[in-house]
Structures are given as C-alpha cells and as structure tokens.
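Please look over the structure shown below before reading on. The report that follows takes its parts in turn.

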Amino acid sequence: MFSIRHSPDYIRKFNSDYSVESRLASYAASVALILFTLWDASDLGWQSQELLLILLVRFVPMIPILILMQCWTRSNKHYRVDILVTLMGIALCVPIVFSYWIYHSVGQWLDFNALMLAITAVFFLPSIFYQQKLIIGLSALFVYLLYLVLVSASADVFIQAGLYLGLIITVGSLHSVSFDAHRKANYQKNLFLKDLAHTDQLTGAENRHKFEERFEQLMKSAREQDTGLGIAIVDIDFFKRFNDFYGHMKGDDCLIRVAKAFLRLREHELDRCVRFGGEEFILIKYGVSANQVQWWAQAIVEQVRRLNIDHQDSPIAQCVTASAGVVYWDGSIGLTRTQLMKTADDALYRAKNNGRDRAEVEETHKL
Ligand SMILES: Nc1nc2c(ncn2[C@@H]2O[C@H](COP(=O)(O)OP(=O)(O)OP(=O)(O)O)[C@@H](O)[C@H]2O)c(=O)[nH]1
C-alpha cells in the first residue's frame, strides 16, 4: 500500500473537501472578534487597560489559528480574500500585543475562559491536521503560562490553568487523531476504487474508459505547453495463432509481459499506456518533436521483440512481435481526436500489410 503521509494529492483533496467550511469559519471568527472588540471598547473605553488585556487574550491565540486556516485552505479563487483576512488578523494583533508590553504592569488576572473556548474550537476545525491543532493548543498554553509568570501568579492558578488546558488539549488531540485516521482511510479507499475503475485488471495498464476520459485533457495540456504528442496504436502480431498454439493462459502471460514492457517506456508523467482491448494497446508520448516520434515508434516495436517470447507458430519470426501505427500531433495541426485515432489506425493497417513487426509513422502536418 502506498503512503499518503506526504502525498500532495491527499493534502490537496483534504483541503478542497473542507475549504468552504474553513473559509466561512475563519471569516465568521474574524467578524466576531471585531464585533466583540467594538462592543468591549464602547463599554470600557479605548484607553482602558482592562480592554488591552481582554484583547490580548482574544487575539493572541487567533494569530496562529487564522494563519493556519488561510494557508492550508487557500485556492486561487479566494486567495486574495484569504490573505486579506489573515493580514487583518495579524494587523489587529500586533498593536494589541505591543500595547500590552507598554502597559504590562496592570495588576489584573486574565480570565482564561476565552482561551479555553478558542483551544476547544481549534480541535473542531475541519481543514487542518491534528499535528497543527496540537501545535496551536500547546502554543496557546505556553503563551498563557508565560503570562502567568509575568504577573507572578500563584501556584494554584498555574495548576488550574495547566489542568484545564492540558485536559482540553489531550482530549482534543485524541479526537483529532481518530478523525484524521478515519479520513485517511476513506481517502485511501476512494483512491483504490478509482484506481480499480481505471485499470485493466489483467495487465495493470490503464483501461479504455480512463483513456477516453483523459485524451482531450492531454491534447489541451500539449496545446497550452506548446509541445507535441506521439500517439501509437500497437497490435500484437498473430496473437490468435499464439493463443491457439500455447493456450489462453500463456496468451494472458504474454499480454502482461508486453504491457509491462510498454509501461517501462513511460518517461514523462503524462505518458500513457492503455490496453484498448484484446491484444491492442494505445501508447501516448508527451512532450516530443516529430523527429523524436520516429525514434519512439521504432522503440515500441523493438521493446516487444526484445522480450523474446517464443512464438513458434508465427510466420514472420520465432518470437512475439508487434505492429504499430503512430501519429505525431501538436497544437498547430488541426485534427480532432477522432481524426487522429483514424490516422493512427490507418498507419497500423499499413504496418500489418507491409509485413508486420514494424511501425509506420504518419506525419500529420503533411496531411
Ligand atoms: N489470451 C488472451 N487472448 C485474448 C485476449 N483478448 C483477446 N484475445 C485474443 O486475441 C486474438 C486477436 O486475434 P486477431 O484479432 O485475429 O488478430 P491476430 O491473430 O493478432 O492477427 P493480426 O493482428 O492480423 O496480426 C483473438 O484470438 C482473441 O481471442 C485476452 O485477454 N487474453
């Protein structure tokens, strides 16, 4: 089984699944903080030292929370708004913390109910992993204990803060660990099912369904990146005779070995190897020039011959061979997907007629 711990796909999926909730939660938190601040300020007055303390408790834990929420959930569309909300959070926090250091001699206790509430809320955030939640919780605990040291709190207050916050962090972490594990398991299961639906079960190559789905996308990428594609339809020669001579099981083995050889030819992540049906494969080479396609076409046929699979009933060789019809395409060539496939198929037909065990390349720009 593959590891998803460092998989960027997993992080992307994780973020996209929860980005809406997260974004709304962070906007709501920012608005609530501002409203409460205005409310307190109108009650206590902007000069009040008590207000500064309240704001300190309210905003300091929000710095890492807002930053984490925005960094982990951003998408291009809302990117600017997210950055704005984060900067707003930081901009509010900095003067408040600064003011606290000026007035730090105030002799009042910070009520840490707000802090407990903030840490509890962090553990319910959907879009960040338990490691980040734990870091936020422990940072908030550290900041609060630092504050208690600054105001020379008694041992009782220390113990109480440590107990309550420690308990919230422990319970929250346990909940988040199991929540994350559950999501990872779901993600893996989905990935497995998706993989199953897109893979030919005999050979491990992509199946036709996936190819249909992806081909237009490949053409679009090639057009955008101003590069070319090599498209090959490959057919094993005299495979019916092979089956009749060696049996169906050996025939299956042969297909598996040929598919593996084709899979080894892939270099670019967008290169494809598709089992199109029976003993027919489609190979796609991404990011090539017309000249490179000529070379690639020969490599395909050579790859099959090099497997040296016995085929004593073949009229043309002692081993299994294949024929390929290959086309080169880039964005400047105005052919549709269907026309391309038809052209490759015609080239394959020519390869078969010209004696098999060869590749015929159709130069589409001359069509
Ligand atoms: N073992 C096995 N055989 C398969 C599979 N799928 C298709 N075939 C066989 O592949 C053979 C294809 O034969 P044809 O289409 O006549 O082509 P060919 O014998 O390769 O002849 P040419 O293509 O003209 O060189 C048929 O006998 C199918 O039964 C499979 O999954 N396993």
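Helices here are DSSP runs of H or I with at least four residues and strands are runs of E with at least two, numbered from the N terminus. The angle between helix 9 and helix 10 is about 135 degrees, and their axes are 6 Å apart; axes are lines fitted to C-alpha atoms, for helices over the stretch in contact, and angles run from 0 to 180 degrees between N-to-C directions.

On the side of helix 9 the contact involves F239, F242, N243 and Y246, which meet H248, K250, G251 and C254 of helix 10, with contact taken as C-beta atoms, placed from the backbone, lying within 7 Å. By class, this contact has 4 nonpolar, 3 polar and 1 charged residues, where Ala, Val, Leu, Ile, Met, Phe, Trp, Tyr, Cys and Pro count as nonpolar, Asp, Glu, Lys and Arg as charged, and the others, Gly among them, as polar.

## Basis of the model

This is a predicted model, in which local features need pLDDT of at least 70 and side-chain atom pairs count only at pLDDT 80 or more, while totals for chains, interfaces and linings use all residues. Residues are numbered from 1 along each chain as its sequence is written.

## Around the ligand

There are 17 residues around the ligand, and D237, F239, K240, G251 and G278 come nearest; a residue is counted as near if its C-beta atom, placed from the backbone, lies within 6 Å. Two or more residues of this shell are given by each of strand 1 (228-236), helix 9 (239-246) and helix 10 (248-264). The shell divides into 5 nonpolar, 4 polar and 8 charged residues.

An open sheet of 5 strands runs in the order 2-3-1-4-5, with mixed pairing, and two strands pair if DSSP finds at least two bridges between them. Strand 2 (272-277) and strand 5 (359-363) each have a single partner strand, so one side of each is left without a neighbour in the sheet. From one strand to the next the twist averages 20 degrees. Helix 8 (residues 208-224) packs on the sheet, where it touches strand 1, strand 2, strand 3 (280-288) and strand 4.

Strand 1 and strand 3 pair in the antiparallel sense over 8 bridges, and I231 stands opposite I284 in strand 3. Strand 2 and strand 3 are also antiparallel, over 5 bridges, and they form a hairpin with 2 residues between them, in whose turn G278 has a positive phi of about 50 degrees. Strand 4 (residues 322-330) and strand 5, in contrast, pair in the parallel sense over 5 bridges, with G325 opposite E360 in strand 5.

## The annotated transmembrane regions

An unreviewed UniProt entry annotates "transmembrane region" over residues 20-39, 51-69, 81-103, 109-129, 134-155 and 161-179; such annotations may be inferred rather than shown by experiment. Over residues 134-155 the chain is 82% helix, and over residues 161-179 it is 100% helix.

The axes of helix 6 (residues 130-150) and helix 7 (residues 155-198) come within 9 Å and cross at roughly 175 degrees, which makes helix 6 roughly antiparallel to helix 7. Their contact includes L134, G137 and L141 of helix 6 and A161, L165 and I169 of helix 7, and by class the contact has 13 nonpolar, 4 polar and 2 charged residues.

Conventions:
Angles under 35 degrees count as roughly parallel, over 145 as roughly antiparallel, 65 to 115 as roughly perpendicular and the rest as oblique. Two residues are in contact if their C-beta atoms, placed from the backbone, lie within 7 Å.
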